[in-house]
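Look at the model below before reading on.

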Amino acid sequence: KCPLKHKSNNRCGTLCVATERQQSSSRHAGRRMMLSRSIRLLHSNKALVAARSAGLLPSLSLSPSNIQNETTTTTTTQLQQYRTKKTKTGSRGSRGHGWYTLYRSNRGGRHLQGAYYDRDVSKLQSLNEEVFALGAPEFVYLDISVGSTDEDNNNKDEKKKKVGRVVIQLASAALPTTCANFKALCCATPSPPNSTNNDEGDDEIGYLHTKAHLIDKTVGIAFGDVLHNNGISGKCHPSISSPSTFSFPDEPKVLTHCTQGMVSMLSPGVHSNDSRFLIQIVDDAPHLDGRYVSFGRVVENMDFLMENVVKGVFTKRGRPTVDVKIIGCGVYEEGEDKVAA
């Protein structure tokens, strides 16, 4: 008869045939599902028997009621531990089982802990001390003023201006070219930017009268644009290379940025060091290692920079809203007096 219970005793055509096939396929699907359930139950029973034979589970009868009770209680947890005993979690990338737990307990791999999770700062600091201990120590100073310095408003701005002397130790024995360039730029006496005595052929350049063009409170303070005083360019001292050359190549990066106060060349690329430099204000900056050549460190009056420049100067996208200017620089002798901050 027709499966759709039509009145006719014969089949009604293709519609009835298709309907019968659909019903038969659904019956076969139900049988396959029941078979898969039986297979999974058989595998679980085998795993349970293996775990019990290994001594991981207590010996109980394998009746269906006992097996069901065991799988729904603490036996399920023990069975899962037995199944995952041979595969240690957390070693298969970020999608491995238990990766977040291992990450929080500091037992994950390098891909879970970050690029610098195994950085030994104390060891790097000891290596920096060994580098600075090479040869005779050399020091330079920078007299930095914070606040407006316009001569027309001396009476108004003199109270707001703060001046401090920052002393920098140079690693001249390990980095002779970089330290010689920095020392020569500190000893130079260029004319003020607005002076009428500037000649077109005057090539004297130096750090005197230059300003801080960038203050990144998560990295450091950038100085040293001797050409335009805005950070877009720089030029090394003519004694380091030819007068027509603006930069000099990199020296070995033997000093790391693992301490507050490290002084580094702020180069725009590889082998392109000019006059721009950076004073680090954070305790550790591993992302600067291998990129910038560090050649010195601040040994005196770092607190002046932190209190009056980093915390006391408001910036707009890193640009200071007041003048942070170098009003004096040169070679520092130990017997010299400090400028009152």
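What percentage of the 341 residues in the chain do buried residues make up? The share is 38%. This is a predicted model, and the values that follow are computed from it. The accessible surface of the chain is about 20800 Å², and carbon and sulfur atoms account for 51% of that area. The secondary structure consists of 9 helices and 10 strands. Of the contacts between residues at least 6 apart in sequence, 63% link residues at least 24 apart.

Start with the sheet. Strands of a sheet pair through backbone hydrogen bonds, and the pairing can be parallel or antiparallel. Here 8 strands form an open sheet with antiparallel pairing, in the order 3-4-6-5-7-2-1-10. Its edges are strand 3 (214–216) and strand 10, each of which pairs on one side only. On average, neighbouring strands of this sheet are turned by 25° against each other, direction ignored.

Individual pairs can now be followed along that order. Strand 4 (residues 220–223) pairs with strand 6 in the antiparallel sense over 4 bridges. Within this region, Ala222 has Leu278 in strand 6 as its bridge partner. Strand 2 has antiparallel pairings with strand 1, over 9 bridges, and with strand 7, over 4 bridges. Towards strand 7, Leu170 stands opposite Gly296. Strand 2 is largely enclosed by the rest of the structure, because 8 of its 9 residues are buried.

Which helix packs on the sheet, touching strand 1 and strand 2? It is helix 8, which also touches strand 5, strand 6, strand 7 and strand 10, and whose direction makes about 50° with that of strand 1. Helix 8 covers residues 176–187, which is 12 residues, and reaches 16 Å from its first C-alpha to its last, close to the 16 Å expected at 1.5 Å a residue. An α-helix has 3.6 residues a turn, so residues three or four places apart point the same way. The buried residues of helix 8 are Thr178, Cys179, Asn181, Phe182, Ala184, Leu185 and Cys186. These buried residues pack against strands that include strand 2 (162–170) and strand 5 (262–265).

Strand 7 also holds a residue worth a separate look. Is Arg297 buried or exposed? Arg297 lies in strand 7 (residues 294–300), and it counts as buried because its relative accessible area is 18%, under the 20% limit for a buried residue. The side chains of Arg297 and Glu129 are joined by a polar contact of 2.9 Å. Leaving aside neighbours within four places in sequence, the residues in contact with Arg297 include Glu129, Phe132, Gln169 and Met262.

Two asparagines in loops complete the tour. Asn229 is in the loop between strand 4 and strand 5, and Asn301 is in the loop between strand 7 and helix 9 (302–310). Asn229 has a positive phi of about 65° although it is not a glycine. For Asn301, also a residue other than glycine, phi is positive and near 65°. Asn229 counts as partly exposed because its relative accessibility is 24%. Asn301 is likewise partly exposed, at 27% relative accessibility.

Conventions:
Residues numbered from 1 in each chain as written. Predicted model: local features only at pLDDT ≥ 70, side-chain atom pairs only at ≥ 80, totals over all residues. Heavy atoms only, no water. Buried < 20%, exposed > 50% of the residue type's maximum accessible area, 1.4 Å probe, protein only. Polar contact = N/O pair within 3.5 Å; in protein donor to acceptor, adjacent residues only side chain to side chain. Contact = heavy atoms within 4.5 Å. Areas by Shrake-Rupley, 256 points an atom, 1.4 Å probe, with all protein chains shown as cover. Expected span 1.5 Å × (residues − 1). Pairing = 2+ DSSP bridges. Axes fitted to C-alpha atoms, helices over the stretch in contact; angles between N-to-C directions.
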